[in-house]
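Trainee: I've got a structure here and want to learn how to read it. Can we go through it together?

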Amino acid sequence: MIISIASGKGGTGKTTIAVNLALSLSKGTVQLIDCDVEEPNSHLFLSPTIHQVTSMGIPVPRIDESKCTYCGKCGKVCEYHAIAVILKNVLVFDELCHGCGACSYLCPEKAIFEVEREIGIVQEGSADGIPFVNGVLNIGEPMASPLIRKVKESIQKDKTVILDAPPGTACPVIETVKGSDFCVLVTEPTPFGLNDLELAVGMLEKLGISMGVVINKADVGDREVWDYCQSKNIPILMEIPMDRRIAESYSRGVPIVVEYPSYKQGFKGLFEKVEKLHESSRRNGAVK
Amino acid sequence: MEQNEIKQLAIVSGKGGTGKTTLAAAFAALAKNKVMVDCDVDAADLHLLLQPKILMQEKYFGGRSPHVDLDKCTQCGLCTEVCRFHAIDNGVVDPVSCEGCGFCRHICPEEAIVMEEAFSGDWFVSETPYGPFVHARLGIGEENSGKLVTVVRKKTVEIAKEKNLDLILIDGPPGIGCPVTASLTGVNLVLAITEPTLSGIHDLERILKLSDHFKIPSMVCVNKFDINLENTAQIASYCKKNGSRLIGQIPYEPKVVEALVQRKTVIDYPCNEVQGILLKMWQGIEMTLRGEA
């Protein structure tokens, strides 16, 4: 089962839930993948040993000037304006290129070849018996999605896979949660938390992914998140109170369940609820 | 009348949830002669505090997506073969995976595919008690948030010129990717807000590197600095090393959340201690923007 941990709003506790959930399940059954390649944080709590670092690139076009007739076809087909012919010059703007390959395929002179341009790295390792993967996007690199796709290639389908998603509801989040069996949305009971929860719910509805909500810092703010979840019939899976001790152990990079093992029960409960909901939605899906 | 030079301040953080919008709203209440823009277009929140009255709404078209005439399609499979995003299967497009490159359209031997403008969201110009405000709502699950950021920023500059305003306040998105890059190009000063946690420090370093990459001067504010004084000291020494001025430290204060729940800026809610710190911070930022510090 693939469980993604997402949230519209940042800083609500995605990484906390992902890491503590992974640490609360039986060893050997779980894999943790940090898909927030712009700002990966899970490793700060798990201190994994990294066995393998792989460079990840996307193909970008280069020109064989001896074959190029400067016909301009490449510039016409590129939707991203990443390649242009100006007089007898072909300009390539690497940062705009999505690596779709249209220009090289469609060049009538076969004058375009592709080279890999690194956009980040994938790190694989393990932390306390838990297989761990993350991606780190190079600074200044705008496109996170291809690296997220690459990181997700490491998914071990026989395990419970926990995906720590980036914040928001745009392409990097969609790239992460796509293909998940269940998505846990982490929020906080404030107007910001609610507004961004609604956006995230809209996204998951569009993608057709079952979901549940974890309310973090549950005793600050107001009750509107509960009312909203009730009105939308979205199950609340767990509530975590605002606890300065949790905030302090978080600040030092210590997972809650390591500092306060009694919390493990709560995270196991969260997993059991997810399993049950996933099972029932699968059965409903089969009936359809 | 002579046009003042327009200064742009971008509030960013790397890590989400450190207080960008809270800070942007407070500065909206403190700064004079400015226009605000929310560049966190896929999870916009600043409008919740600024009480906008929408004056203008525009549709945003983020890119093009393929439409297949299935009557013409012969199921030859060429589109499926060339698509590197696994987004088309014999004429059936998966809009979630599609990046709009148009390769399929060019390759289709039956010319069964056309590219059509994709409606990807709305953007707004509003009036608020604090001044003009430009904001947006990216369509659910849409791409190209960076392009939408560029659209709203362009409008904001127009408004500043038209109304002779000298400051643009940018509430930025989290992360370091495409919408952040689009939020930072051409700004005069980056204010990075962080918290004294390992995650906060890690993400601050990455956002400051991005700011250096674009050669933009940066300042740092530590929110909830008293949660971990050791980490706060570490941030201070990192800032010194990096040449980023540590402009303010805000204590953990439940009243900040209370103000938010009341949908008020911290400046408009009784919270003297934090207000004093924010006011001092703002004065320092203003002087830097004017080139006096």
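Trainee: Which residue of E9(A) is the bridge partner of A:Ser4?

Mentor: Keep in mind that this is a predicted model. Strand E1 (residues 2-6) of chain A pairs with strand E9 (residues 182-187) in the parallel sense, over four bridges. A:Ser4 has its bridge partner in E9(A), and that partner is A:Cys183.

Trainee: OK, and which strands stand at the edges of the sheet?

Mentor: Let's walk along the open sheet of nine strands, which has mixed pairing and the order E3-E6-E7-E2-E8-E1-E9-E10-E11 in chain A. A strand at the edge has a single partner strand, so one side of it is left without a neighbour in the sheet. In chain A that holds for strand E3 (49-63) and strand E11 (236-240).

Trainee: Then what lies across the sheet, and at what angle does H7(A) run to E9(A)?

Mentor: Helix H1 (residues 14-24) of chain A lies across several strands, including E1, E8 and E9, and runs at about 160° to E8(A). H7(A) lies across E1, E9 and E10 of chain A. Its angle to E9(A) is about 170°.

Trainee: Which helix gives the most to the side of chain A that touches chain B?

Mentor: The contact involves 53 residues of chain A and 50 residues of chain B. Helices H4 (102-106), H6 (171-177), H7 (191-207) and H9 (244-251) of chain A each supply at least two residues of that side. With nine residues, the one that gives the most is H7(A).

Terms used:
Residues numbered from 1 in each chain as written. Chains lettered and ligands numbered in written order. Predicted model: local features only at pLDDT ≥ 70, side-chain atom pairs only at ≥ 80, totals over all residues. Contact = placed C-beta atoms within 7 Å. Pairing = 2+ DSSP bridges. Axes fitted to C-alpha atoms, helices over the stretch in contact; angles between N-to-C directions.
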